[in-house]
Amino acid sequence: MLLFAFVATSLAQYPNWGWGPAITISQNGMTLNCSVFDPFLNTTRTTSVSNVDNYQYADGILAYVTPGGTVGGVTYDVNIGSWRTATFSGSSNTTIQNRDGVIAWVTGGGTVGGAVYDPNVQSWRYTTFSGSSNTLIDNQDGIVAWVTGGGTVGGAVYDPALQSWRYTTFSGSSNTSILNSDGVVAWVTGGGTVGGAVYDISLQSWRYTTFSGSSNTTIVNASGTIGWLTGGGTIGGAAYDHNLQSWRYTTFSGSSSNTGLYNTDGTIFWTGSSGLQHEGYNFSTQNWQSNQNTELNCKMFVAQASGNAPLISYFWCMSVGANSYSYNSRAGHTITRRWGYKQYDNVGTFTPELTVFNSITNHLCNETVTVGGVGVAEAAAAYISISPNPLQQGDRLEIKATKAIRNVSVCNMMGVAIYQTSAKSSSVSVDLSDLQLASGIYFVEVLMDGNAAVRRKILVE
């Protein structure tokens with residue numbers, strides 16, 4: 001049995017994010033006309049979406065909501081040369097937030113949902129989470145957080161290693177408010193109880209707990225740490241230590257003169273009786289320390305995909321104390337998000353690097369990822385050319401290689417072979433005129449000597 005892999009080129013990977021090429025959008029009444037440039041096909045591809053009441057576009061993802069409240073998402077997958085459009089759950093008075101590759105929504109009745117396009121399975125992955133009346137949402141850095149009118153706090157994240165959404169509800173009570181930043185969800189109840197939650201990708205589970213607090217407590221949440229100030233003047237701080245896989249929290253000071261709480265680069269600052277004071281979390285001692293800044297700690301996690309697109313790796317930042325991030329994929333691209341993916345051009349072992357920054361310094365870390373492939377398609381790509389592409393009706397398909405070609409197949413989008421021929425030459429001319437192909441995407445599969453297999457996408461106009 002022959003197995004084929006998609007052959008990627010560096011044109012398919014956009015430098016800053018992996019969710020899809022930039023979409024140009026023009027609006028005509030309630031219809032959105034969308035276009036992208038496909039670097040594989042070297043042509044512009046278009047689609048349209050009708051009955052749109054409101055929309056948001058960011059990072060290659062278009063999110064929209066209809067007048068009836070139905071939420072939809074649109075992106076363009078360059079690997080299969082196709083627009084990927086889906087509609088998700090929704091109802092009346094639905095609002096949307098589209099950030100960092102994630103679409104979140106909340107209906108007028110309070111149901112919360114999330115959607116993300118997974119290029120590994122080449123489809124939208126979406127679901128609805130818990131919620132009730134008067135629910136508010138906050139969608140940041142790949143995390144969807146919500147708080148209901150009754151004060152229940154919840155969080156959701158898409159785990160690409162599991163290819164599913166991971167969501168749960170945390171502690172909460174009446175008049176609860178939330179802050180969602182840098183992968184951390186923080187909340188404070190009307191009674192002053194403070195809590196925090198983070199998704200630990202290495203454990204594939206949410207890690208959450210509640211900290212000290214009392215009446216009239218305020219919170220700050222930035223760069224992976226949470227600080228709080230109670231109405232009585234008690235100052236506290238919390239950080240999730242990915243090395244210990246647990247929350248580390250304590251109270252620093254208790255004085256009615258404490259005011260002016262803020263959080264910079266994960267360090268908790270306030271003004272006390274002796275002036276400006278601060279506490280920072282130290283990963284070396286695994287404790288909070290007085291008059292020190294939070295130690296900038298770089299930590300990353302790589303999840304290797306193993307589905308339809310085996311050359312994809314997902315990068316996750318688990319750092320504390322950082323306010324910006326930069327992944328060097330070690331294969332020609334940089335990702336400046338807290339999480340994203342890289343589609344490698346070839347099989348092999350890579351050592352992607354993550355550099356995290358704050359206002360004072362930076363810190364670098366790396367992980368090793370072995371990118372798997374199917375057969376030797378990536379190596380064979382250098383040996384073959386297929387033209388013309390796009391293919392006009394009546395054109396012959398010219399296939400040239402530096403190795404002898406043994407077999408050529410043309411398949412439709414479902415992977416069904418509609419044409420096959422054998423050969424014993426490095427140059428093959430294929431006449432497809434008798435097939436009367438409909439316009440659209442097809443795949444040409446070429447088997448060469450040594451069982452080198454290549455699969456290429458062509459557009460028939």
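The confidence of the predictor in each residue is given by pLDDT, on a scale from 0 to 100. The structure is a predicted model, in which local features need pLDDT of at least 70 and side-chain atom pairs count only at pLDDT 80 or more, while totals for chains, interfaces and linings use all residues. Residues are numbered from 1 along each chain as its sequence is written, and side-chain values use heavy atoms, without hydrogens and water.

The protein chain has an average pLDDT of 85. A score of at least 70 is reached by 90% of the residues. Residues 1-17 have a pLDDT below 50. This stretch still makes 60 contacts (heavy atoms within 4.5 Å) beyond near neighbours in sequence. Residues 373-380 also stay under 50. For them, the model has 24 contacts beyond four places in sequence.

Helices (H or I, at least four residues) and strands (E, at least two) are DSSP runs, numbered from the N terminus. Confidence is lowest in helix α1 (residues 377-380), with a mean of 42. Strand β21 (residues 225-229) has the highest, at 97.

Strands β14 (residues 153-159) and β15 (residues 164-170) form an antiparallel pair with 7 bridges. Pairing requires at least two bridges found by DSSP between two strands. V157 has R166 in β15 as its bridge partner.

V416 lies in the loop between β38 (396-411) and β39 (417-431).
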